[in-house]
Structures are given as C-alpha cells and as structure tokens.
Amino acid sequence: MSQPFTLAVCAEMVFKALPVVERLKRITALGFQAEIWDWTKHDIAALERSGATFSSMTGYITGTLADDAGADELIETVKTSIPIAKRLRCPRLNLHGTGLDGQGLPVRKSDIVTGAMWLKARDTLSRIADLGEREGVTFVLENLNTAVDHPKTPFARAADTMALVAAVDRPSLKLNLDLYHAQIGEGNLIELCRAALPHLGEIQVADVPGRMEPGTGEINYPAIARALAEMGYRGTIGMEAWASGDDELALRRFRDAFTV
C-alpha cells in the first residue's frame, strides 16, 4: 500500500470545538496539510505561527465573474488575497462562479447563463490568470452543486468550470474538482476525473449524502483513488467534509480511502 497523493484537510469543518489555530495544529500533527476559507475571518499572524502547511485558501473576498462591476470588484479583492497567500506559503487560491454569502448562496443568482456571461467570465479569469503568472501563484476554479448547497450559482457544474479553465488555457488557472458537488450534479466521477486530468490543480472530497468523510455515503472513494493513481494523478486531495463523529476517526477514514 502506498500514498501517492498529498492529503489536506479543511480546517473550517473539523475539530469544530477548538479555535482554528488549535485545529491547524491537530491537522498538522496527524500528518495532513490544511485548507482554509475566507482569510479575512482569521488572525493571519496566528496562522503563520501555527506550523501548518497550507494547501489552499479562498482567493477573493467579494465579486463575481460575469458582469463588469462584479468582475472589477473580484479582481481588486483577488489582489488583496495574494499577499496573504504568500505570507502563508499557500500555493492555491480558490475561486467560484460567483461570490457566495455566509450561507453559501450566490450573491448574484442566475436562472440562466447567457453567452455574454460566458465570455465575460472567460475574460475575468484571463485577468486573474495574468495576476497569477505575475505573482507566482495558482488560482483554482471550483465546481459547486445547485441542487443542495448552492442553488442558482452560475458556472456551477464541473463541466462548466472545466470549460472555462480550458478556454483560458493558462498554467496559473487550474480546476479544483470537488467530487462531492460533482456527484450531486453530474456523477460518473471516474470518467469526470479522466476528462479533467489535464486541468487539475486539486481534488476535493466528501461523501454523499451529508457531506461527511469518505466511507459514510454512496461514493466509492477507494475505487476513485485507484483510478486516479492509474491515471497518473499525483496532486492534492483535500477533505472538505464534516466529521460524522470522532474527528480523528474521520481523518483516518479519509487517509485509508486514498491509500492505494
């Protein structure tokens, strides 16, 4: 048995009884890298002192991809996020199809996505890729689901985020393929991973239903892990999931699922 992937754990979702710095220390002590969401909610100096190796963080504060004012706002908040990522030595900055509020709902809801919105989103992501190349960081565009967690979010499907990343076609913009969201929205996960392979910057996981650790739902993560290893994927797998019970047990289940 071997561990071909780098494993990371979202500090926002486990060890919830502890302050975030203590969560980071526990995650690190258990041998994982760490992911965070909105950096403005944290004491950055304390995160620096935690000893954690950061895998990814949210790469913007507010803004949207597909309208002029929202795109300019997004670019400005991306610019403020880059120095924080550098302080934390965090290599990937996460993006979504639109800004999300505190409940994960889109700040600009879309019943349909027009051709003009697609073109504007591609243009906005190209501008962000320019920043990434200049600053030496990688942005990753995450797919979401609209059926359960993020209704009326534009560019939510993995097929949508993959199409945008491929259209920009820059090394500083990659895909954050979230398999929890993809299972709800699209399914066929192994073939989805295969199609996404040239564009992957990271993979995130949780089980369905419930968004808890691998092994608690319907997704056969060990089979996905074997397929990813056979495809040659050697990147990061991030557990963005709640613990179904004991947090350390949840992290062990996650590690076991991705040991091949």
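This is a predicted model: local features need pLDDT of at least 70, side-chain atom pairs count only at pLDDT 80 or more; totals for chains, interfaces and linings use all residues.
Strands S1 (residues 6-10) and S2 (residues 33-35) run parallel and are joined by three bridges. Helices and strands here are DSSP runs numbered from the N terminus, with at least four residues (H or I) for a helix and at least two (E) for a strand. Two strands count as paired if DSSP finds at least two bridges between them. To find the spot by eye, look for Val9, which stands opposite Ala34 in S2.

Residues are numbered from 1 along each chain as its sequence is written, and side-chain values use heavy atoms, leaving out hydrogens and water.

Back to S1, which also pairs with strand S8 (residues 236-239), in the parallel sense over four bridges. Here Ala8 stands opposite Gly238. Four of the five residues of S1 are buried, so the strand is largely enclosed by the rest of the structure. Buried means under 20% relative accessible area, exposed means over 50%, and partly exposed is in between (1.4 Å probe, protein chains only).

Now for the rings. The structure holds six aromatic pairs. Rings of Phe, Tyr and Trp (its six-membered ring) pair if their centres lie within 6.5 Å; planes under 30 degrees apart are stacked, over 60 edge-to-face, and the rest tilted. Phe5 and Phe258 make an edge-to-face pair, 6.1 Å centre to centre with 80° between the planes. This pair ties together distant parts of the chain, 253 residues apart: Phe5 lies in the segment before S1, and Phe258 in the segment after helix H9 (247-257). Phe5 counts as buried because its relative accessibility is 5%, and Phe258 does so at 0%.

Phe32 and Phe254 are stacked instead, at 5.9 Å centre to centre and 20° between the planes. Phe32 sits in the loop between H1 and S2, while Phe254 belongs to helix H9, 222 residues apart. Both Phe32 and Phe254 are buried.
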